[in-house]
Amino acid sequence: MNTMDNLEKQLICPICLEMFTKPVVILPCQHNLCRKCANDVFQASNPYLPTRGGSLTSGGRFRCPSCRHEVVLDRHGVYGLQRNLLVENIIDMFKQESSSSKPAPERKEETPMCDVHEEEKINIYCVTHGVPTCSMCKVFGAHKDCEVAAITSIYQSKKAELSDGIAMMVGNNDRMQGIVSQLEEACRAIEENGRRQKTLVCERFDQLYSILEEKKAEMSQKVTAEQEEKVNYIRGLTRKYGDHLEESCKMVELGIQTMEEPEMALFLQNTKPLLKKLAEASSTAHLDKVERGYENMDHYTVDFKKEGLALRSLDFLQDDEDEDEEDEDGEASAEEGEGPPAAPAGGGGAPAPVQPAAPPQPSPSSPSAASS
């Protein structure tokens with residue numbers, strides 16, 4: 001019986017909450033409905049489409065009550081949906097099995113009894129208090145001075161009122177579903193716009209990185225050029241001093257050899273030119289001198305405090321700033337089309353940025369100028 005109960009739950013229509021009534025139609029989303037229930041939902045979702053004989057005669061759309069998938073119908077309406085013969089056969093087999101396994105229970109209609117007069121059935125409706133009651137309550141009880149009506153007429157009016165309320169709720173549900181769809185679409189649009197704007201922001205920052213890298217390479221090249229120039233000059237001067245030192249050492253060796261000469265006449269003959277050479281070797285007037293501070297490179301010191309503050313203050317443009325930027329772009333485009341404008345006589349325009357002059361480069365031939 002547990003298997004039969006589970007099977008019965010799978011054969012329940014989500015609209016009428018009863019077992020499917022043939023013919024059973026299958027929706028594109030693979031959910032099943034009674035054709036009558038599908039037609040009711042279709043008419044409630046398309047109240048302004050023309051009808052004939054209680055059925056819509058033109059195409060329309062409605063949403064599956066199980067998964068909210070939108071079902072689009074052609075001009076045949078719900079009669080254009082495919083019947084699910086497999087489910088219909090299963091329903092027939094289930095009903096046969098259920099009728100053979102247990103007798104059909106007798107259905108008894110129970111009429112509610114009055115709480116005050118327990119042997120009296122509730123058969124009238126108190127309009128004053130809005131509650132059903134019995135005849136004895138009207139004659140002798142709490143409702144003897146109240147306005148009453150036949151319970152059948154009140155039943156029909158309340159049922160019609162409830163039906164109208166249900167129809168209104170179905171319409172409201174469809175409108176709410178439309179709002180939900182719009183909100184979902186807005187959410188998707190926000191996500192897409194956010195991804196696009198993040199991409200644009202990253203591109204702008206990449207442009208800043210590129211500018212910074214180019215400027216860093218340019219400034220580093222200036223330092224490297226002067227560094228190589230000074231180093232090459234000092235190395236050349238080192239070679240000159242080394243050559244002079246080597247020549248002086250040779251002169252010292254030659255002087256020592258001359259000192260060891262025992263023959264006085266020969267000693268005197270060699271002394272005069274040797275003294276001249278020693279005097280020339282001891283003189284360094286022909287060699288350049290490196291002044292103090294020549295190795296200093298402090299004139300390439302940088303201070304990016306202002307630039308750092310500017311970078312830290314980067315933020316998104318406000319609406320008024322966007323308009324100003326568009327105006328400036330338009331003016332710049334107009335000026336480019338007309339050619340370079342003449343400089344204002346009063347100097348009231350914004351001054352062009354001035355590139356700082358490069359520090360003086362030392363000349364290898366004049367080390368005194370490099371030290372300045």
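Ile124 touches Pro132, Thr133, Cys134, Ser135, Lys138, Val148, Ala149 and Ile151, leaving out residues up to four places away in sequence, where contact means heavy atoms within 4.5 Å. This residue is found in strand S8 (residues 124-126); helices (H or I, at least four residues) and strands (E, at least two) are DSSP runs, numbered from the N terminus. At 15% relative accessibility, Ile124 counts as buried. Buried means under 20% relative accessible area, exposed over 50%, and partly exposed in between (1.4 Å probe, protein chains only).

The model is predicted: local features need pLDDT of at least 70, side-chain atom pairs count only at pLDDT 80 or more, and totals for chains, interfaces and linings use all residues. Residues are numbered from 1 along each chain as its sequence is written, and side-chain values use heavy atoms, with hydrogens and water left out.

The secondary structure of the chain comes to nine helices and ten strands. Of its 372 residues, 18% count as buried. Among contacts between residues at least 6 apart in sequence, 48% join residues at least 24 apart.

Val24 is buried, with a relative accessible area of 0%, and Val25 is buried at 0% relative accessibility. Apart from residues up to four places away in sequence, Val24 touches Asn32, Leu33, Gln82, Arg83, Asn84, Val87, Glu88 and Ile91. With neighbours within four places likewise set aside, the contacts of Val25 are His31, Asn32, Leu33, Arg35, Ala38, Val78, Leu81, Gln82, Arg83 and Asn84. C-alpha to C-alpha, Val24 and Cys37 are 9.6 Å apart in space and 13 residues apart in sequence. For Val25 and Leu81, 56 residues apart along the chain, the C-alpha separation is 6.0 Å.

Two loop residues were examined for backbone phi. Most residues other than glycine have a negative phi. Gln30, although not a glycine, has a positive phi of about 75 degrees. Gln30 is placed in the loop between S1 and strand S2 (32-34) and is exposed, with a relative accessible area of 55%. Arg68 also has a positive phi, near 65 degrees. Arg68 lies in the loop between S5 and strand S6 (70-73) and counts as partly exposed at 32% relative accessibility.

A search of the whole structure finds three aromatic pairs. Rings of Phe, Tyr and Trp (its six-membered ring) pair if their centres lie within 6.5 Å; planes under 30 degrees apart count as stacked, over 60 as edge-to-face and the rest as tilted. One of the pairs is formed by Phe42 and Phe62, with ring centres 5.8 Å apart and planes at 50 degrees, so this pair is tilted. Phe42 lies in helix H2 (residues 35-45) and Phe62 in strand S5 (residues 60-63), so the pair ties together parts that are 20 residues apart in sequence. Phe42 counts as buried at 0% relative accessibility, and Phe62 is buried with a relative accessible area of 3%.

Another pair is that of Tyr233 and Tyr294, whose ring centres are 5.7 Å apart and whose planes stand at 65 degrees, so the pair is edge-to-face. Tyr233 is in helix H5 (residues 151-259) and Tyr294 in the loop between helix H6 (264-282) and helix H7 (305-312); the pair thus links distant parts of the chain, 61 residues apart. Tyr233 counts as buried at 7% relative accessibility, and Tyr294 is buried with a relative accessible area of 2%. Lys230 lies over the face of Tyr294, at 5.0 Å from the ring centre. A charge sits over a ring if NZ of Lys or CZ of Arg is within 6 Å of the ring centre and within 35 degrees of the ring normal.

The second largest pocket holds about 560 Å³ of space. On a 1 Å grid over the protein atoms alone, a pocket is an open set of points where a 1.4 Å probe fits, with protein on both sides within 12 Å along at least five of seven lines; lining residues have an atom within 4 Å of a point. Twelve residues line this pocket, and the closest to its centre are Val201, Arg204, Asp315, Phe316 and Leu317. H5 gives the most to the lining, with seven residues.

How values were computed: Grid points are joined across faces, edges and corners, and a volume is the space filled by probe spheres set on the points.
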